[in-house]
Amino acid sequence: KIGNESIIEPYIKKIEHEKNYKYKGFEERITVIIIDMLIALGREYELEGKKVNRAFNVIDSARRFMLENYSDKITVEILAKRANFSASRFCVLYNKFFNSTPIDDLLNIRIEKAQAMLKFSDYTVSEIADLCGFSSIHYFSRKFKERIGKSPSNYRNGSVL
């Protein structure tokens with residue numbers, strides 16, 4: 001992390017040494033030490049930024065894959081493997097970057113697609129569940145009602161319940 005003691009500590013020790021012994025020109029040497037420390041911190045910051053960007057790009061790529069292939073059987077393990085992370089690390093990074101879990105995002109996109117199909121297609125509710133990647137009509141109906149507040153059939157018919 002930026003400001004890690006392992007980066008700053010040697011510089012602090014040099015500054016303390018210069019301050020304690022007060023050799024001729026010690027103030028200028030302290031200034032140079034501080035500049036060196038700031039340069040080292042800047043380099044570390046750059047490296048951390050590159051690591052974060054690289055991780056974000058990999059996680060984002062897995063997320064785009066998930067959103068484009070929402071109808072396929074997709075698991076956290078599949079996404080993590082695509083990103084070359086363990087499943088738990090993938091979930092931590094995903095949540096950090098997108099403030100959501102991959103499963104919630106997958107469920108959201110599937111429900112959004114199902115809503116559109118219910119409004120604008122003649123597919124049966126069962127066919128829509130299958131086309132949107134749900135393994136069973138019961139799971140689809142339960143999750144749809146949890147998210148939308150209506151069953152898929154009532155949503156299609158415009159019913160209040």
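## Aromatic pairs

Rings of Phe, Tyr and Trp pair if their centres lie within 6.5 Å, and planes over 60 degrees apart count as edge-to-face. The structure shown here is a predicted model. By this rule the model has nine aromatic pairs. In phenylalanine 56 and phenylalanine 97, the ring centres are 5.3 Å apart and the planes stand at 85 degrees, so this pair is edge-to-face. The two residues belong to distant parts of the chain, 41 residues apart: phenylalanine 56 is in helix α2 (residues 26-68) and phenylalanine 97 is in helix α4. Phenylalanine 56 is partly exposed, because its relative accessible area is 29%, and that class covers values between 20% and 50%.

Ring pairs also join residues into a cluster, whose members are Phe56, Phe90, Tyr94, Phe97 and Phe98.

## A pair between α7 and α8

Phenylalanine 144 and tyrosine 155 form another edge-to-face pair, with 5.4 Å from centre to centre and 75 degrees between the planes. Phenylalanine 144 lies in helix α7 (residues 137-148), whereas tyrosine 155 lies in helix α8 (residues 152-157), 11 residues apart. Are these two residues buried or exposed? Both phenylalanine 144 and tyrosine 155 are buried.

## Charges over rings

Two arginines are placed over phenylalanine rings. Arginine 63 lies over the face of phenylalanine 98, 4.4 Å from the ring centre. Phenylalanine 98 is also one of the residues in the ring cluster. Arginine 82 has its charged end over the ring of phenylalanine 65, at 3.7 Å from the centre of that ring.

## Helices α3 and α4

How do the axes of α3 and α4 cross? Helix α3 (residues 76-83) and helix α4 (residues 87-98) have axes that come within 9 Å and cross at roughly 85 degrees. Angles of 65 to 115 degrees count as roughly perpendicular, so α3 is roughly perpendicular to α4.

On the α3 side, the residues in contact are Val76, Glu77, Leu79, Ala80 and Ala83, and they meet Ala87, Phe90 and Cys91 of α4. By class, this contact has seven nonpolar residues, one charged residue and no polar ones. Phe90 also belongs to the ring cluster.

## Positive phi in two loops

Asparagine 84 is in the loop between α3 and α4. This residue has a positive phi of about 65 degrees although it is not a glycine. Asparagine 84 counts as exposed because its relative accessibility is 70%, and the cut-off for exposed is over 50%.

Lysine 22, in the loop between α1 (5-21) and α2, also has a positive phi without being a glycine, here of about 45 degrees. With a relative accessible area of 56%, lysine 22 is exposed.

Terms used: Residues are numbered from 1 along each chain as its sequence is written. This is a predicted model: local features need pLDDT of at least 70, side-chain atom pairs count only at pLDDT 80 or more; totals for chains, interfaces and linings use all residues. Side-chain values use heavy atoms; hydrogens and water are left out. Axes are lines fitted to C-alpha atoms, for helices over the stretch in contact, and angles run from 0 to 180 degrees between N-to-C directions. Helices (H or I, at least four residues) and strands (E, at least two) are DSSP runs, numbered from the N terminus. Angles under 35 degrees count as roughly parallel, over 145 as roughly antiparallel, 65 to 115 as roughly perpendicular and the rest as oblique. Contact means heavy atoms within 4.5 Å. Ala, Val, Leu, Ile, Met, Phe, Trp, Tyr, Cys and Pro count as nonpolar, Asp, Glu, Lys and Arg as charged, and the others, Gly among them, as polar. Rings of Phe, Tyr and Trp (its six-membered ring) pair if their centres lie within 6.5 Å; planes under 30 degrees apart count as stacked, over 60 as edge-to-face and the rest as tilted. Buried means under 20% relative accessible area, exposed over 50%, partly exposed in between (1.4 Å probe, protein chains only). A charge sits over a ring if NZ of Lys or CZ of Arg is within 6 Å of the ring centre and within 35 degrees of the ring normal.
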